[in-house]
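Student: Please take one part of this model and look at it closely. I would like to know what it is made of, and then how it sits in the whole.

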Amino acid sequence: MAIKAGQILHDVNGFVIDRIQSAGVGNVNIPEEKIYELGNYQTVATVRDIPDLSFDMESFDVTTEVEAILTGVDPTAVVDGDQFDFADVKPIDVISPFKTGGGVFTIVKGIAIPYLNLESATYRFGVGPNATQSFTLRGDGIYYIPGTPKFEEFVNSGPITYNFAQTALEYVEAGDSIYALSICLKDTNSNAYKRLFIGQDYTNTASGFTLLEDLSLTYNRIHVVYGTAAANSYPQTVHENVSTKPAAVRGKDIDVYLSDLASTPTFNRWTGVQSFEITRQVNLENDQEMGNSKNVASDYDTADVTGSIVVKSTDAADLWDKIQQVSDIAANKIVGPYTSVTIPMEVRVSDPDTGLVVKTFYVPDARFTVPGIQGQVQQKLETTFNFTSDGGELLLYAGER
């Protein structure tokens with residue numbers, strides 16, 4: 001017997017993520033250094049610093065559920081036209097309960113990975129394979145719980161005691177009894193957040209925690225992660241069925257559009273597209289302080305948005321039309337490697353059953369590189385149009401933009 005995929009759930013900020021194909025902490029990097037001393041043939045000890053880990057997740061879900069959670073929006077309240085900007089992402093808390101197995105939904109063990117910050121998001125679409133979205137997040141803590149990992153949200157009412165829904169299990173670190181594995185204050189209006197630390201910002205017991213400072217005017221919500229031995233279950237109904245969202249979407253239901261750059265722009269659909277990929281990447285920098293075993297905060301300076309469109313043109317005229325379009329050059333003029341403009345671009349993903357647009361990707365300033373051309377015997381010519389966003393912007397919309 002072995003642990004099977006059907007037993008492992010991934011709950012982010014209280015919402016079970018759908019259509020997950022793979023997810024989890026791939027590697028935990030704990031900086032270590034061996035200490036030596038003169039006159040001693042043996043190592044004195046091994047000292048450790050703040051851990052660094054990555055949490056990777058790949059899903060077939062083409063709705064805006066994950067983007068809503070990342071930006072602090074309730075995904076159940078999203079309506080068509082809502083916009084999601086990765087510049088608004090907040091740290092998230094992931095819990096991974098393990099079910100008993102054999103068709104039983106009782107949770108027996110679990111993992112908590114709190115305070116994860118988004119590092120990259122990649123979307124891949126193509127002819128044939130299912131559309132995928134992949135996210136990489138970074139954090140500094142992973143907790144193996146001999147029971148159920150729990151996420152709870154409280155309204156911030158100031159420096160009072162907040163009671164857990166279930167009795168918390170103890171975790172000991174540097175002599176401290178920690179029951180609240182993570183506490184983060186967030187504000188649903190300003191997008192602000194603040195990580196709290198035991199002793200400095202709160203005290204805790206097995207039944208709850210007490211805030212030491214009144215920050216309720218700045219942050220209106222409290223997100224808490226802990227572990228409990230109490231019995232819990234995740235029934236089958238936690239998973240959305242295909243009447244709510246598609247099981248998966250393939251290339252036939254995805255269209256790429258580029259603006260004609262007119263004063264009143266029209267978005268023209270590109271034909272012959274074989275694949276589309278776009279990635280938003282940031283270089284996270286951790287803020288640390290003396291006397292603290294956790295990162296105080298993680299942030300970044302600028303984002304980098306890059307991608308590519310692979311096209312199989314019907315003929316030379318079609319290929320030249322696309323090259324001239326991304327360069328904004330008239331048909332009777334030559335296009336060279338230094339010809340470059342920014343072009344608004346949309347990618348629309350439709351429900352394969354209803355035909356309605358489920359999600360729209362929008363890059364307001366895509367700048368394309370003139371493509372290279374390389375023929376190969378016994379194969380049809382495919383041309384790759386690489387692009388980047390000048391402003392590092394990737395906006396997503398529920399439904400049509």
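Tutor: Take the largest pocket: its lining has 12 nonpolar, six polar and seven charged residues. Here Ala, Val, Leu, Ile, Met, Phe, Trp, Tyr, Cys and Pro count as nonpolar, Asp, Glu, Lys and Arg as charged, and the others, Gly among them, as polar. The model is predicted, so local features need pLDDT of at least 70 and side-chain atom pairs pLDDT 80 or more, while totals for chains, interfaces and linings use all residues. Residues are numbered from 1 along each chain as its sequence is written, and side-chain values use heavy atoms, without hydrogens and water.

Rolling a probe the size of a water molecule over the atoms shows where empty space is left. On a 1 Å grid over the protein atoms alone, a pocket is an open set of points where a 1.4 Å probe fits, with protein on both sides within 12 Å along at least five of seven lines; lining residues have an atom within 4 Å of a point. Grid points are joined across faces, edges and corners, and the volume is the space filled by probe spheres set on the points.

The largest pocket holds about 610 Å³ of space. It is lined by 25 residues, and the closest to its centre are Thr63, Thr64, Thr244, Lys245 and Val358. At least two lining residues come from strand 2 (15-16), and at least two from strand 28 (357-368). Strands (E, at least two residues) and helices (H or I, at least four) are DSSP runs, numbered from the N terminus.

Now the whole around this pocket. The protein chain contains two helices and 30 strands. Its C-alpha atoms fill a box of roughly 75 × 60 × 50 Å along the principal axes. Among its 401 residues, 46% count as buried, that is, under 20% relative accessible area with a 1.4 Å probe, protein chains only. The accessible surface of the chain is about 20,100 Å², and 49% of this belongs to carbon and sulfur atoms; such areas come from the Shrake-Rupley method with a 1.4 Å probe.

Of the contacts with a separation of 6 or more, 69% join residues 24 or more positions apart, where contact means heavy atoms within 4.5 Å.

Definitions and conventions
Buried < 20%, exposed > 50% of the residue type's maximum accessible area, 1.4 Å probe, protein only.
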